[in-house]
Amino acid sequence: MISSVMQIVGSIHGSPWTLQRQLHCKPGSPGCSISGDGGRTAAARNLGSKHSEAYGVHCKLTSSTEARKSLRNLQQSRIYNARKSSEELIGGHSTSSASNVDSLKKTEKRPSWKDLIKSEENFMDGKQTASSSSTELLKNGKVAKKTNLPILDFLERSKKFLYHIDGGGQVVATVTKTTPKIYSLSIQVDMGKQEPVLLHWGLFRSSSTDWVLLDPKDAPPGTKYSKGKTEAMRTPMECDSRGIRTLRLDFDASKTPFYVAFVLFRPAQDDVEETWISAHGGNFCIPVGIGKGQPEPLGLTWKKDGLVNFSLYSKNASNVILCLYKDDSTQPCMEIDLERSVHRTGDVWHAEVEKVGEFTRYGYRCKGEVSWESGNRYQARHVLLDPYAKLLAPPVPGQESLPSPARALGSLKRETVQFDWESDAYPRIPLERLVVYKLNVASFTSDESSGLEESVRGTFEGIARKVQHLIDLGVNAVILESIFEHDDCRLNPISFFAPAIRYGSGDCLSASISLKKMVKELHYHGIEVILDVVYSHTAEGGDDSPKNISFRGIDNSTFYILDGFGKVVASEFGTSNAFNCNHPVVQRMIVDSLRHWVEEYHVDGFVFVNGSALVTGPHGQQLSRPVLVEAISFDPVLASTKLIVDSFSPFTRSSKSLPFPHWRRWCELNSLFRNDARRFLRGDIGELSRFATRLCGSGDIFANGRGPSYSMNYVTGPYGFTLADLVSFSESNGASAEFSWNCGAEGPTEDPFVLETRVKQVRNFIMALLLSEGVPVFYMGDEYGHSKGGQIDLEESASQFFWSYLGTDFGQQITRLMKSLTDFRSRRKDLFQRSSYAVPGSITWHGADSQEPHWELHKSSFLAARFIADKQQGVGGQEVADLFIAFNPHGDAVLATFPECSTGMTWYRIADTSLPHPDDFVLEGVPINMQISTSLGGTYEVQPYSSVLLEARQRSIMSKSKSSLKFPAAAPSKQL
C-alpha cells in the first residue's frame, strides 16, 4: 500500500483568454504574472530552450495497461524479483539507448548544461549574474543503468498529487521511488473523453522560469518539440476505453531534486479549437526527490529516516528558493524553487529534502513585491538566514561583492553523538537566596593573565575553567551578556537561536558543545546560568542604512514596527529598528527561542535587555496586557526559569519607567537602586527617603503582589562606569549621567587623601548592595578595581578582565570584603533574604541623634537604620538579634547615637569602611567601647565618607567564638 500520500487539491483553469496571455508574455517579463501569482510561471512563457544534460535525466514511456500492472505487482509484493533490472520492471515500450548525459546533443536551439548557468532575476538592477546552483551537483551525472538491487519497501516513499479539473475530471500524479536509483512519475488524467491529449512539459530546479528540455534521443517515444514562446516537449499520453490517459516517466534518483512542470494540451480538431488545461493559470509542478515537508516546526528539522525538513515563515513572499552550499563554495551550489501549490501551507513555506550530506550551509532567497508603502523589502539577490537556524556557519568575508551575498547562513552540521548531561540538574535557587555576578564571555578570560591556553580564552569553556573564582566571591548565579550570534556589537543580534561562534574554539558546533559543558560545570557547583537576551531589535539596521541578513528580506512588515508610510521606525531605546515583539508570529518565535535555550542548553533564566520592547504594540503603543509577556509567563517549559526585565537602554543610557505586567513572575533590574545609591553616597541632598526605600527592598516598585526578592539591585554594569571609575571620574564625557564623584581629583592621582576616600567609597557601595533587601548583582572586574579610564564604551575589549590585578592589595581587600559580606548576608537571611516585606516596626530609621531623620530637610544626608531580627536563635547556637547600619556621605565625622540593646546584649562592630584592612570587616565582631552612654543607648563616631555595620550579640558567647575564616594580611590600598 502507499503509506504516504500528499494530496494537493486545486481548481484547474484553461480559458482561451488565459492561454492567449501566456502565449504573448516574454520569459521573465513583469507581465507574465498570472492570476496574481506574483511572478509564478505559466506554461507557455517559461519554456526556455534548455538542455537536459545538467539534470542527467533519462525518461521512459510506459503504456497505461502495463503501468497499472506494474504498480499492482509492486503493491502486492514487498520484495520483488531481485534479479530483475529496473528497465525490465518498467516493461512496455523501448527507450533510447543513450546511457550517459555527457553524450547529449548540443545545438544552437538547445544549449548545453553550461548555458543553463543563469542566476535569478536581480530585482534591484535587472541584471543577470552567474550562478552554479543548477549545474554543480549534476553536470557529471549519468542515467540509470540496469541494476540487480532488490526492490524493498520503496512504496513508503510514494507521494500523490490530486488536482480537480473545471467541468469535471481530475489529474493525479504519483511520484514513487521504485528502486534506490530510480524515481518514477506516473501521471493519470481522467477527463471521460477520447480526444488525444499531449503532455506539454519540461524540468526545472532553481527557477520555474527556466525549463530544461531533454535531447530528442533521450526523450520518450513520440515526443515532439514545440517552438517559439511555447517551447517545450510534447509527449502523447495513452488512452484506454474509459478515457483515462496515463504516462509514466522514470528519472535517475541521484540527480534529484527537481520539478517536472507541465500543462495538458489538446490539439485542434475539426471545428474544435486547441485547448490548454493548467493549474491556476500556471503549471502543474510535481516535485521529484523533494518532499512536501511539514510547516511545523519552523526551521530545520532532522528526521530519523535521514530526511531533512526545511520550514520558513513568509507571508508576503511570492516565491521562496532554498539555497544549499558546499564547504568551499561562496555561492549556492543548489537552489530549489519551492512550488507554492505544494510547498506552502498558510504563510509557511516548507520542503523535505532527502540528500544534504554533501552540503554544509543553507539559506533562502525570497522574492516578492518591492513596495515601500507595503513595508516589503524583497531583494532576490540576497541569500537570507533562516530565523530559526540553531547553528550558524562562519561568515564569508567580502559578501557584498558576490553575485549572491549571504551575510549569515544556517549550518547543516549536527552532533554525531548526543551530549551527555549525566546527572545535571537545575539548581533552582530561590530568588531571595541569589547573589549574582554578571560577566562578558569574551572579556572574562580573553587576556593572557587568565593563564588559559589561547584556544580556550574568551570562550564558554574559559568560564568553566574559572569557576573557582566565582565560588571564592560567594556568588551562586551568573548573568552572561548576550551570547546570541551578533555583528560587531554584541547588542545587535543576527540570530535568536544560535550561540556566537566566537565563544567556541572553532565552529558553531564547538560553541554549542562548549556552552553545554560550561552550564553543566556551573550547575555541578550550584551556580545558575542566566542569559542576557536582546529581542528589541536586530543588526539589520533601518531603511537609511539597511543590512539584508534575515528578517528584513523574509517578511519586513511582519518582523519590524513600521510607520504609516511603511518605513521601519527607530526605537525609543536608540536603535535604528524596532522588533515587532507582540505580532503573533514574532511572539511565537521569541517563546520558541527561550524554550530552545532552556531545553537544549539547560539555562536557568533570562534578562530581557530593553525590556520596554516586550510591552510595545505594532504601532509603538504601550500595551497593558501584551501577548508576549503573558505567553512567556504561563509557558510550561519556562515555568521554573527566572524572568528579569531590564528597562535600562545601553544606547541612550537611560531607563524607561513603566508599570510592567509581571504576573508575579517577573523580576526587574532595579535602575532606581543604581541611581539613588550613587546620588546618596556622593553626598547629594534630598536623597534620604529614596535611598532608605532602596535599602528596604524598593516597595514603591515591588509591593504590588511581588516582594523584595524581585528587585535585582546593582550599582554598576557593562554599559557605563565601572566601580573604580565611579569614584575617580566626574568630569569626563558622559559622567553627568553616571552620578559619579571623583573624590577630589579627576582620574589617576597620587594624593593619599583622595585615594583613601575612593577606597572608602568603593566599600560603601559594596556595603549598600549587600546589606539591602533584594538580590545583589555585581559586575565583573569591580572586585579588583577595573577601569575604562572614565569612558562610556560598549566594546568588549574595554571590559577585558585582568586576572593579575586580583593579586594586588586592593584586589585582595575588595574580594575579601565581598566574600565576607556575602557570607554575613547568608547567615542573617532572616533580615536580608526575605521573600516578603518586613512587617511595620521591624525597621526603625534614625538620624545622627537617634531620632527619626528629617526626611523633608534637604540638607540632611546622614542615615541609620535598626533592623529588628525575626529570629532570636542564630546558627550554631549563637544568639543573634538586631543590626544597626549607618551611612555618612558627609566630609565630616558624625557622632551617631545608636539604640540600646536588649538585656544581656551588646553591640559589636562587624564592619567599618573607614578602617584599614583587615579591620574594615571582622566577622567575629569587635565590642563597641561606649565612651559616651545615654539613656537611649551608646554612640559611635562614623567617619567621613564611610559606613558602619553593628550587630547585637551576647558578650559571653561571642568572646569565646573564633572566626573560621583566614584572610591574607595586606596593607591599605594605595591605588585603584
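I take contact to mean heavy atoms within 4.5 Å. Before going further I note that this is a predicted model, in which local features need pLDDT of at least 70 and side-chain atom pairs count only at pLDDT 80 or more, while totals for chains, interfaces and linings use all residues. Residues are numbered from 1 along each chain as its sequence is written, and side-chain values use heavy atoms, with hydrogens and water left out.

**Entry: S612**

I looked up S612 and found it in the loop between β25 and α11, where helices (H or I, at least four residues) and strands (E, at least two) are DSSP runs numbered from the N terminus. Is S612 buried or exposed? With a relative accessibility of 4%, S612 counts as buried, since buried means under 20% relative accessible area, exposed over 50% and partly exposed in between, with a 1.4 Å probe and protein chains only. Once neighbours within four places in sequence are set aside, the contacts of S612 are E572, F573, S647, K656 and L658.

**Entry: the chain as a whole**

I then stepped back to the protein chain, which has 19 helices and 40 strands. Of its 976 residues, 60% are buried. Taking contacts between residues at least 6 apart in sequence, I find that 72% join residues at least 24 apart.

**Entry: helix α10**

Helix α10 covers residues 584-601, which is 18 residues, and from first C-alpha to last it reaches 25 Å, close to the 26 Å expected at 1.5 Å a residue; the expected span is 1.5 Å times one less than the number of residues. Its buried residues are V586, Q587, M589, I590, V591, S593, L594, H596, W597, V598 and Y601. I asked what covers the buried residues of α10, and the answer includes α8 (508-524), β24 (528-533), α9 (551-559), β25 (605-609) and α11 (627-633). After α10 comes H602, whose phi is positive, near 60°.

**Entry: the largest pocket**

A pocket here is an open set of points on a 1 Å grid over the protein atoms alone, with protein on both sides within 12 Å along at least five of seven lines, and lining residues have an atom within 4 Å of a point. The volume of the largest pocket is about 910 Å³, a volume being the space filled by probe spheres set on the points. Of the 30 lining residues, those closest to the centre are L300, W302, K390, H596 and E600. At least two lining residues each come from β14 (299-302), β21 (410-411), α8 and α10.

**Entry: rings and charges**

K466 lies over the face of W803, at 4.4 Å from the ring centre.

For aromatic pairs the search of the whole structure gives 42, with rings of Phe, Tyr and Trp (its six-membered ring) pairing if their centres lie within 6.5 Å, and with planes under 30 degrees apart counted as stacked, over 60 as edge-to-face and the rest as tilted. Y437 and F444 form an edge-to-face pair, because their planes stand at 65° with the ring centres 6.2 Å apart, and both residues are buried. F496 and F579 are likewise edge-to-face, with centres 5.3 Å apart and planes at 70°. F496 lies in the loop between β23 (477-480) and α8 and F579 in the loop between α9 and α10, so this pair ties together parts that are 83 residues apart in sequence. F496 is buried at 1% relative accessibility, and F579 is buried at 2%.

**Entry: backbone details**

I found a cis peptide bond between E296 and P297, with omega about -5°, and P297 lies in the loop between β13 (290-291) and β14. Another cis peptide bond joins H917 and P918, with omega about 10°. R653, although not a glycine, has a positive phi of about 55°, and at 23% relative accessibility R653 counts as partly exposed.

Technical notes:
Lys NZ or Arg CZ within 6 Å of the ring centre and 35° of its normal. 1 Å grid on protein atoms, 1.4 Å probe; cavity = no way out; pocket = protein on both sides within 12 Å on 5 of 7 lines; lining within 4 Å.
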